[in-house]
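Have the sequence and the 3D view open as you read.

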Amino acid sequence: MDSAISDARTPLGASADNGLKIVVVGGFGVGKTTLVRSVSEIRPLNTEETMTQAGASVDDIAQVGGKTATTVAFDFGRITLDAHNVLYLFGAPGQERFWFLWDRLFSGTLGAVVLVDTRRIDDSWYAIDRLEQHGTPFIVACNDFGGPVRAGADVRAALDLDPHVPLIDCDARSRESAKDVLITLVGHVRARYATAAGARGELV
């Protein structure tokens, strides 16, 4: 298992005093590990195991050709927002047999990214349902796998997303694209909490 934490690419600033937890969820093989790897300013911790024939009866790999390893616990990375705020990224395992880990990963989470492969959109239902049950703010990011682009309205309708949930396209392999995903999530979370505070008559 590749679970060793390697040396950091970027040291954590001495003024950073606010750690914000983000979870990346989604179906099997949608690119969660890739997104964490591409955006993390440290070399991420990965808990990947090589996929073997023994797992063929439990993991449906028919639509994720070329995938040779899979996350069995979680991925972890880090990115600094500004002098005081740091995002800690946790990539959740996608297979159903590891879903029992999700509740722990959701604990203390600021918000979540639901990563979607639009060729297998039904695989995203469980993640969205669990986040809604937990009351966790989230956005949906459609990962680019090189096929035809599905219209945002069609994806929103297929996932039955509330109008306030942001839906964006991304390329999990691109650091800039992955950063845009996180920026969108943080903006959504801030807007949601500002709205809630305003409804309570609090100053934001």
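## Helix H1, mostly tucked away

In helix H1, the buried residues are Lys 32, Thr 33, Leu 35, Val 36, Ser 38 and Val 39. "Buried" here means under 20% relative accessible area, while exposed is over 50% and partly exposed is in between, using a 1.4 Å probe and protein chains only. That makes six of the eight residues of H1 buried, so the helix is largely enclosed by the rest of the structure. Helices (H or I, at least four residues) and strands (E, at least two) are DSSP runs, numbered from the N terminus.

A word on where this comes from: it is a predicted model, so local features need pLDDT of at least 70 and side-chain atom pairs count only at pLDDT 80 or more, while totals for chains, interfaces and linings use all residues. Residues are numbered from 1 along each chain as its sequence is written, and side-chain values use heavy atoms, with hydrogens and water left out.

## What H1 packs against

H1 (residues 32-39) packs on helix H5 (residues 175-199) at an angle of about 100 degrees, and their axes are 8 Å apart. Axes are lines fitted to C-alpha atoms, for helices over the stretch in contact, and angles run from 0 to 180 degrees between N-to-C directions. H1 and H5 are therefore roughly perpendicular to each other; that label covers 65 to 115 degrees, with under 35 counted as roughly parallel, over 145 as roughly antiparallel and the rest as oblique.

On the H1 side, the contact (heavy atoms within 4.5 Å) uses Leu 35, Ser 38 and Val 39, and H5 brings Arg 175, Ala 178, Lys 179 and Leu 182. By class, that makes four nonpolar, one polar and two charged residues. For this count, Ala, Val, Leu, Ile, Met, Phe, Trp, Tyr, Cys and Pro are nonpolar, Asp, Glu, Lys and Arg are charged, and the others, Gly among them, are polar.

H1 also lies across strand E1 (18-26), E4, strand E5 (85-91) and E6, running at about 35 degrees to E4.

## The six-stranded sheet

Those strands belong to an open sheet of six, in the order E4-E5-E1-E6-E7-E8, with mixed pairing. Which strands stand at the edges? They are E4 (75-80) and E8 (167-170), each with a single partner strand, so one side of each is left without a neighbour in the sheet. Neighbouring strands of this sheet are turned by 25 degrees against each other on average, direction ignored.

Two strands count as paired if DSSP finds at least two bridges between them. E4 and E5 run antiparallel, joined by six bridges, and they form a hairpin with four residues between them. Across that pair, Ile 79 stands opposite Leu 87 in E5. E5 then pairs with E1 in the parallel sense over seven bridges, and Gly 19 has Val 86 in E5 as its bridge partner. Six of the seven residues of E5 are buried, so this strand is largely enclosed by the rest of the structure.

E6 is mostly covered, with six of its six residues buried. Gly 111, Val 113 and Leu 115 point one way, and Ala 112, Val 114 and Val 116 point the other way. In a regular strand the side chains alternate between the two faces of the sheet.

E6 pairs with E1 in the parallel sense over five bridges; here Val 24 has Val 113 as its bridge partner in E6. E6 (residues 111-116) and E7 (residues 138-143) also pair in the parallel sense over five bridges. In E7, Ala 141 is the bridge partner of Leu 115 and Phe 138 that of Ala 112. Helix H4 (residues 152-159) packs on the sheet and touches E6, E7 and E8, its direction making about 120 degrees with that of E8.

## Leu 105, a buried spot

Leu 105 lies in helix H2 (residues 102-106) and is buried, with a relative accessible area of 8%. Leaving aside neighbours within four places in sequence, Leu 105 is in contact with Lys 21, Val 23, Phe 74, Phe 90, Ala 92 and Pro 93. Leu 105 and Phe 90 are 15 residues apart in sequence and 7.4 Å apart in space, C-alpha to C-alpha.

## The whole chain

Zooming out, the chain has five helices and eight strands, following the pattern β-α-β-β-β-β-α-β-α-β-α-β-α along the sequence. Buried residues make up 45% of the 204 in the chain.
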